[in-house]
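Please keep the sequence and the model in view while reading.

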Amino acid sequence: MSTQTTSATLAVVTFILLHASMAALDSIQDTFLQCLSNLTQSPSPPISPVTYFPTDPSYTPILHSYIRNLRFTTPKTPTPSFIVTPTHVSHIQASILCSKIHNLQVRIRSGGHDYDGLSYISDVPFIIIDMFNLRSITVNIEEESAWVESGATLGEVYYRVAEQSKIHGYPAGVCPTVGVGGHLSGGGYGNMMRKHGLSVDNILDAQIVDVNGRLLDRESMGEDLFWAIRGGGGASFGVIVSWKIKLVQVPEVVTVFRVERTLEQGATDIVHQWQHVGNTIDDDLFIRVVVMPVNRKTQKTVKAKFVALYLGNSEKLEALMDERFPQLGLKHEDYVEIGWIESVLYWSNYPIGTSADVLLERIPHSEKFLKKKSDYIQEPMSKASLEGLWNKMMELKNPVLTFNPYGGKMSKISELDIPFPHRAGNVYKIQYSVNWKEEGSEAEEKHLDLIRRLYEYMAPYVSKSPRCSYLNYRDVDLGTNGNGNVSYSEASVWGTKYFKGNFERLVQVKTAVDPGNFFRAMFQWSSTIDKAVINLKPLENHRVDQSDRAECTTGKMDIRNVTL
């Protein structure tokens, strides 16, 4: 056979195989779409316009639009079989039920700030339910509350509250592009936590679609599930559609400051004193410290940046700082009086005078390759220990540490109130952060090694038995369950780091509401094994009837009566 004939034959075979593959793919897509459409009949809006398969030109832009860590935009990153961007609760219900039928896992994404990408990647076939279209916010100032859909950002929440009141706010995070869904379900905190506690300490109600496609509120889900989703990782139990948040009162005038001190300016003594002041000073004051290695005139040093929010005027704050923390050496001009919504912009590093409209921007101005970790300090470090830490940071060059003070309201709330257990006894929390711009696995391994070495160095100084971590800084280095069922003892290796003694109760709730372990965002274990291992106690407050008696009606469509 001639070369020309062979080439022609190969071309024909390739053409046939390609079209066969495309036909098979089209068939799979048609099957999924048919399933989804069957479960979202009129009057619900059709689901096909908000469903994106890999062949759709919008698939990749939508997938990447809410990835905040460039480590997960590479060709080796697993991608979903399809993406649903629901505009109606029926789209969520259909996505869950069809994924169960076709044996697909579900990942749920709101703002995409999941540091290790767990809300949008999986090693087994999966879909993404991307919540960004569900972002309505309804504020009720008279009731001092708001209903917020999970796809909204914190910036949008702050903006809508400030539209209606200058003396109300919400004690959540300082990054305005963070999505509400993940922030709240992971126990999100902010710079008012010493006064008002966590964001999830201020939740009144929620709506969740469970494994059976039922839309449940606080009353119908029961207090155990309502407890679990406030800091226990909501995506392990269902898809949280919306939250009713409790607004807090803020003064018309608040005060902020931001100053930096290097080692040559006495940073060691100042940070050492901050450890004894930050968690015991007035509850209205929150002083964050960001520590980073820098080069000053070819000399290595460490810089400590002190950023504060005080819920009061500058005169009171100046007197308080002179009395309790004179070591920082603030001048009268360092204190800046602004409104609470302007303080949100200040903490996001916007210049004073910037319009609050920037809080409606959902996409950060820049993306990076990054890795984060966390720790809790329960005894202040000595000056010698701090000096050793500075030397280690200068040696490693890149990692940055952020110290967030505890105390105040955080010490007054029981660690059993919600799954988030890090309360009394903690002086401050550490966030480890490393960012880089270089692409490629070599650069990634280099920077991962840097942050891991610093984390290892800190072991003698942080909490022990367990060495605790913060769920919203999810860290796969602590351990994962893979994609199969594991026992309680295996899962507790990482589970107790995030939840301490609350981990067992989370296992109980998970076993009750999702016995088939469909939602595998964090908890992946065999309920049969776990019942034998930990002797599960009955959940007295759990009201979800596993016999499917609870109703879930959307328009005229009753999910119970749909034939699949």
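The sections below go from the overall chain to its sheet, a helix, the cavities and some single residues.

## Basis of the model

The model is predicted, so that local features need pLDDT of at least 70 and side-chain atom pairs count only at pLDDT 80 or more, whereas totals for chains, interfaces and linings use all residues. Residues are numbered from 1 along each chain as its sequence is written, and side-chain values use heavy atoms, with hydrogens and water left out.

## The chain as a whole

The protein chain contains 16 helices and 20 strands. Helices (H or I, at least four residues) and strands (E, at least two) are DSSP runs, numbered from the N terminus. Of the 564 residues of the chain, 57% count as buried. Here buried means under 20% relative accessible area, exposed means over 50%, and partly exposed lies in between, computed with a 1.4 Å probe on protein chains only.

A contact is defined by heavy atoms within 4.5 Å. Among contacts between residues at least 6 apart in sequence, 74% join residues at least 24 apart.

## A four-stranded sheet

Four strands form an open sheet in the order β1-β2-β4-β3, with mixed pairing. Strands β1 (51–52) and β3 (105–109) stand at the edges with a single partner strand each, so one side of each has no neighbour in the sheet. Two strands are taken to pair if DSSP finds at least two bridges between them. Strand β2 (residues 83–84) pairs with strand β4 (residues 126–130) in the parallel sense over two bridges, and the bridge partner of V84 in β4 is I129. Strands β3 and β4 also run parallel, joined by five bridges; V106 stands opposite I127 in β4.

Although β3 is an edge strand, five of its five residues are buried, so β3 is largely enclosed by the rest of the structure. Both of its faces are covered, with Q105, R107 and R109 buried on one side and V106 and I108 buried on the other.

## Helix α15

Helix α15 (residues 502–513) has 12 residues and reaches 17 Å from its first C-alpha to its last, close to the expected 16 Å. The expected span is 1.5 Å times one less than the number of residues. The helix is mostly covered, as 10 of its 12 residues are buried; among them are N502, F503, L506 and K510.

A search of the whole structure finds three cavities of 30 Å³ or more. On a 1 Å grid over the protein atoms alone, a cavity is a set of points where a 1.4 Å probe fits but cannot get out, and lining residues have an atom within 4 Å of a point. Grid points are joined across faces, edges and corners, and a volume is the space filled by probe spheres set on the points.

The largest cavity holds about 90 Å³ of space. Its lining includes Y158, Y170, M192, L309, W340 and W347. Helix α11 (residues 340–347) supplies the largest share of this lining, four residues. By class, the lining has nine nonpolar, three polar and no charged residues. In this scheme Ala, Val, Leu, Ile, Met, Phe, Trp, Tyr, Cys and Pro count as nonpolar, Asp, Glu, Lys and Arg as charged, and the others, Gly among them, as polar.

The second largest cavity has a volume of about 50 Å³. Residues I338, E342, L345, Y346, Y350, P351, I352 and G353 line it, and α11 again gives the largest share, three residues. Six of the lining residues are nonpolar, one is polar and one is charged.

## Residues of note

Residue E260 is found in strand β12 (residues 254–262) and is partly exposed, with a relative accessible area of 36%. Leaving aside residues up to four places away in sequence, E260 touches Q265, R296, K303, A304 and K305.

Most residues other than glycine have a negative phi, and most peptide bonds are trans. N103 has a positive phi of about 60 degrees; N103 lies in the loop between α3 (89–101) and β3 and is exposed, at 68% relative accessible area. The phi of K397 is positive too, near 80 degrees. K397 belongs to the loop between α12 (383–396) and β17 (400–405) and counts as exposed at 57% relative accessibility. A cis peptide bond, with omega about 5 degrees, joins S465 and P466, and P466 is found in the loop between α13 (441–457) and α14 (488–499).

How values were computed. On a 1 Å grid over the protein atoms alone, a cavity is a set of points where a 1.4 Å probe fits but cannot get out, and a pocket is an open set with protein on both sides within 12 Å along at least five of seven lines; lining residues have an atom within 4 Å of a point.
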